[in-house]
Amino acid sequence: MTIQVPEAAGTIIKQLNTHGFEAYVVGGCVRDSLLGREPKDWDITTSAKPEQVKEIFARTVDTGIQHGTVTVLMEHEAYEVTTYRIDGEYVDGRHPASVEFTSNLLEDLKRRDFTINAMAYSDRDGLVDVFGGTGDLQGGIIRCVGNPMDRFHEDALRILRAIRFCAQLGFAIEEDTNKAISVIAPNMEKVSKERIAVELTKLLLSDYPEQMRAVFESGIAPYVSVHFPDAESGLYELEKLKQLPSNKHVRWTGFLRFLDQSEAAVILKELKLDNDTIDRVKTLTDFWRTEISASKPEIRKVMSMINASLFDELLEFQKVFLTGPYLKQLQTVSQYAGEIIRNGDCIRLKDMAITGKELIEAGIKPGPEMGEILETLFAEVLKKPENNTREYLLNYMNSRS
Ligand code: ATP
Ligand code: MG
């Protein structure tokens, strides 16, 4: 079995070998290569200690040196090179509280979560698979390395990782591993919200987002965050999420769509998601049920209320979740929306042909009255974009005062 290792990673491994150290690509990249999926990044594991790695390579960065990780910079790429290690207990954050270096590859593979993630490879030694990872890849099985109760006890995040890998790979969880999940579920409470959010987002963005059901069925939901159980309503027609574009705020909205915007925001804040995502989810949860009539003034009005890119996503969202005659109307709305954009119609207050400054010059006093006038003029422009000229708007204003 051969894996096509990127040239620069191969060079790093050979250099380490030349200096008398062992080195392999390991973990996710081996798993994905064997599955014929494109690895996101190539991690290297080695018997060399961090200081030794730094002596061998000209350009390095101490990314996580206390955990044994040094980033080696090759021409245009960066590779994480981590010393074989035995992990202490995991605490908040991505890394265990203490680590111990070892010169034994098997020890390093043993600390990894699942058999499919515990394989190493080098051109020199071929595939190192001591826990049956290849068999489990073929069988589509997520199985803990070692005793599942112990492994989930060490780090409860592994529970969510197991479900997330099922969602990404279309796999199922092995029976003993599954039993341990329900028992250790309450320990999820101790895991940092940031780590939890990363896994849940990956789950929602995957090919099988309906795996979110497993988060509830296995009893973990109450330990994800205080209000997370409120999202159970999202399990209804969960399969439909895979028809949505695979982006963070759209998929999260898909899952939280039956909550009102403040309830959705509470959960996302508990999970410490970024504000931009939270704002977008709030807008989409607020608007997705609103049918938009097939008239350009109406469409411009909705467009003026939300972020430009969100409008298209709103339509995509409605296509998936709304039903009946509205779907036909949606096609027209979509076509009109395209025309509005191509035509460059004014849909933002800031794109009006007249500014507050000009209103002041025309004798209007700054203050609430001016705000009202601007709003009135903007409403007129949304109705008839051809009226977005300075002369027209000044006349219009004068004729009404
Ligand atoms: P992804 O494709 O999402 O990056 P990955 O398997 O590469 O998946 P990472 O989080 O990048 O996941 O971790 C790299 C490797 O480190 C894993 O393949 C696994 O061997 C090990 N690992 C990561 N997190 C844990 C954990 N919580 N417990 C045990 N081993 C872990
Ligand atoms: Mg990875």
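## Loops and backbone

Helices here are DSSP runs (H or I) of at least four residues, numbered from the N terminus. In this predicted model, glutamate 237 falls in the loop between α11 and α12, and its relative accessible area of 31% makes it partly exposed. The phi angle of glutamate 237 is near 50°, a positive value in a residue other than glycine.

Lysine 272, placed in the loop between α13 and α14, also has a positive phi, near 60°, and is likewise a residue other than glycine. With a relative accessible area of 53%, lysine 272 is exposed. As background to these two angles, most residues other than glycine have a negative phi.

## Aromatic pairs and the cluster

A search of the whole structure returns 11 aromatic pairs. In the pair of tyrosine 236 and phenylalanine 258, the ring centres are 6.2 Å apart and the planes meet at 55°, so the pair is tilted. Tyrosine 236 belongs to the loop between α11 (221-224) and α12 (248-256), while phenylalanine 258 belongs to the loop between α12 and α13 (261-270), so this pair ties together parts that lie 22 residues apart in sequence. Tyrosine 236 is exposed, at 52% relative accessible area, whereas phenylalanine 258, at 31% relative accessibility, is partly exposed.

Phenylalanine 258 also forms an aromatic pair with tryptophan 288, which is edge-to-face, with 6.2 Å from centre to centre and 70° between the planes. This pair links distant parts of the chain, 30 residues apart, since phenylalanine 258 is in the loop between α12 and α13 and tryptophan 288 is in the loop between α14 (275-287) and α15 (296-305). Tryptophan 288 has a relative accessible area of 4%, and because buried means under 20%, this residue counts as buried. Together, Tyr236, Phe258, Trp288, Phe317 and Phe321 make up one aromatic cluster.

## Charges over rings

The model also places charged side chains over aromatic rings. The charged end of arginine 164 sits over the ring of phenylalanine 165, at 4.2 Å from the ring centre. Lysine 296 lies over the face of tyrosine 336, where the distance to the ring centre is 5.5 Å.

## Surroundings of tyrosine 223

Tyrosine 223 is part of helix α11, and its relative accessibility of 26% makes it partly exposed. Which residues is tyrosine 223 in contact with, leaving aside its neighbours within four places in sequence? The contacts of tyrosine 223 on that basis are Ala185, Pro186, Met188, Glu189 and Lys193. For proline 186, the C-alpha atom is separated from that of tyrosine 223 by 5.9 Å, although the two residues are 37 residues apart along the chain.

## Domains

The domain assignment of the protein chain gives domain 1 (1-129), domain 2 (140-273), domain 3 (288-345) and domain 4 (351-401). Taken over C-alpha atoms, the centres of domain 2 and domain 4 are separated by 51 Å.

Methods:
Residues numbered from 1 in each chain as written. Chains lettered and ligands numbered in written order. Predicted model: local features only at pLDDT ≥ 70, side-chain atom pairs only at ≥ 80, totals over all residues. Heavy atoms only, no water. Phe/Tyr/Trp six-rings, centres within 6.5 Å; stacked < 30°, edge-to-face > 60°. Helix = DSSP H or I, 4+ residues; strand = E, 2+ residues; numbered from the N terminus. Buried < 20%, exposed > 50% of the residue type's maximum accessible area, 1.4 Å probe, protein only. Lys NZ or Arg CZ within 6 Å of the ring centre and 35° of its normal. Contact = heavy atoms within 4.5 Å. Domains from an automatic or database assignment.
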